[in-house]
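Here are a few friendly notes to read alongside the structure. Take them one at a time, and keep the 3D view open as you go.

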Amino acid sequence: MSKKGKKAKTPLSEEEQMLLYQQKLLAEEETAKKKERLLSQFLKDKLAKEEHNSALNLNKINTQWRTVLREVKTRELLKDIEILSQTFERVVDCKDNVIKSLAKDLSEAEEQYAHALRNHLHNIDQLLALQRYRLSVLEENYNMELETLTKEFETERKTIIDQHENEIHYLQEVFMAMEQNYVDAEYESKLEFQSMWDDLKNKNLEEKHFLRLQLENVVEDLWRRFQSALKNYTDATEDQKIAFETLKMKDEKSSKEIEVQMKKIQKLQDSVIVLKGKIMAHSRESDEQNQCVRDDKELVLVQLRKLKAQRTQGREIAQENLVNLTLESNATLKALRKIVSKGEKILKLAEICRKFETEEEKVLPFYSSTLTPEEQKEIEETGPEEVTEELAKVIADYRGLENFWKRYNKVKLEQLSLQHRHAQLSDINGKLREMLKQYLDGISVSDEVLSQLNPLFIVNHRSNLPQPLSTPTGQTGDKKPATTYNIIEAAHVVSHIL
């Protein structure tokens, strides 16, 4: 007691007080570190225990959930097997019906082919008969024209021969008439010559008698002289006389030949004149015929030019039509290839979508309308009354797509509902993630957790939550201080209670 009293009574120096204060601070720091280590150890043990319990509970839940899922899956598989059996039977029935319809179509197609073949053969027979009849008609026309041409040729030949014979007879008659006229003229000229010769003879006889009487003496003298001269002359010109006689005979012969030739020349000239007239007539006829032929040739050439122009124009039009046809055919082929590729894509997508169809959709691909008959009547009454022919044709063309639009609308509605459900579930998932994050932040210790606000983290009976500022007396703020809530984990409470 005395020591205590002495110690109590002895005042401490400032250095001792500083040492004591530092010792107290060190002791408090050590105690705080011990508490932090204990708290961290406790939290780690608690976290390990919670992880162990959660893993154990998760295993139990998974085992129970597996049993439940197996039962559900077995029921679903049984139901799927029943549906698949029904769908298989339906598909088999559909395939049987398709096979029957194809067999029926095949038989109908064979009948149609046989009927078409019979019609084709009948048409060919008719065409052959028509061609034979046409050939026979053309042959008859050819024979008739040939007969008419031969008849015309024979008649024309006969007329030409008759005309030639008539002209020959006419020329012979003319020749005979000319011969007769020549003979008559010759006889008359001979008579005139004979009469004149008789007159002159008589006159000469009278004069001769007169002169004879007058000149007998002179003649006798002259006769003597003449006889002497004649004798001399004859003696001198005997050779010339013989030559003269021969030349005279030749002259008579040549004169006769000249007369014959002149007659022939006259006849030939007459025939030449007649033939020239005929030639002129024939040349006129031939000129007329040639002119007609030239006119016909000109007409034929004009028609030929027109036909050539029409042919060239038709070729150009046909070429243009062929070019347009090729372009349109290429465009149609491209469009058809696009349609075929689009159809193949649609079929591939249909096959892919077929895999994702439910069994109910496989059994009942087209849902029935949910409208009542009264509602359908109201819709028909309120629908458009006036429908044009073009719109009606278009509607009739696309009437076969009603089931497709039904399925499309059903899929679209399901897509929209799934999107809406996905949005709802994403919101719920976000909320659950936030709650899970808060829970994990509450039970775990890390730098991130320690840097953030955590109501469960208490050191020296203090949390890291901001404390509300105490308002001075007499000053009332408009805002109330924010209330803080300490959250205690239920597992921790239960572990302490039990």
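1. Let us begin with a term. A pocket here is an open set of grid points with protein on both sides within 12 Å along at least five of seven lines. Please keep in mind that this model is predicted.

2. What volume does the largest pocket have? The value is about 1,000 Å³. As a general idea, rolling a probe the size of a water molecule over the atoms shows where empty space is left.

3. H7 gives the largest share, with nine residues.

4. Now step back to the whole chain. You can find nine helices and two strands in it.

5. How much of the chain counts as buried? Of its 498 residues, the share is 3%. The chain exposes about 46,000 Å², and carbon and sulfur atoms supply 60% of that area.

6. Contacts tell another part of the story. Taking the contacts in the chain with a separation of 6 or more, 66% are between residues 24 or more positions apart.

7. Last come the cysteines. A disulfide is a covalent bond between the sulfur atoms of two cysteines. With a cut-off of 2.5 Å between the sulfur atoms, the count is zero disulfides. Are cysteine 94 and cysteine 292 buried, exposed or partly exposed? Cysteine 94 is partly exposed because its relative accessible area is 35%, and cysteine 292 is partly exposed because its value is 44%. Both follow from the cut-offs, since buried means under 20% and exposed means over 50%.

Note on methods
Residues are numbered from 1 along each chain as its sequence is written. This is a predicted model: local features need pLDDT of at least 70, side-chain atom pairs count only at pLDDT 80 or more; totals for chains, interfaces and linings use all residues. Side-chain values use heavy atoms; hydrogens and water are left out. On a 1 Å grid over the protein atoms alone, a cavity is a set of points where a 1.4 Å probe fits but cannot get out, and a pocket is an open set with protein on both sides within 12 Å along at least five of seven lines; lining residues have an atom within 4 Å of a point. Grid points are joined across faces, edges and corners, and a volume is the space filled by probe spheres set on the points. Helices (H or I, at least four residues) and strands (E, at least two) are DSSP runs, numbered from the N terminus. Buried means under 20% relative accessible area, exposed over 50%, partly exposed in between (1.4 Å probe, protein chains only). Contact means heavy atoms within 4.5 Å. Accessible areas come from the Shrake-Rupley method with a 1.4 Å probe; for residues, only the protein chains shown count as cover.
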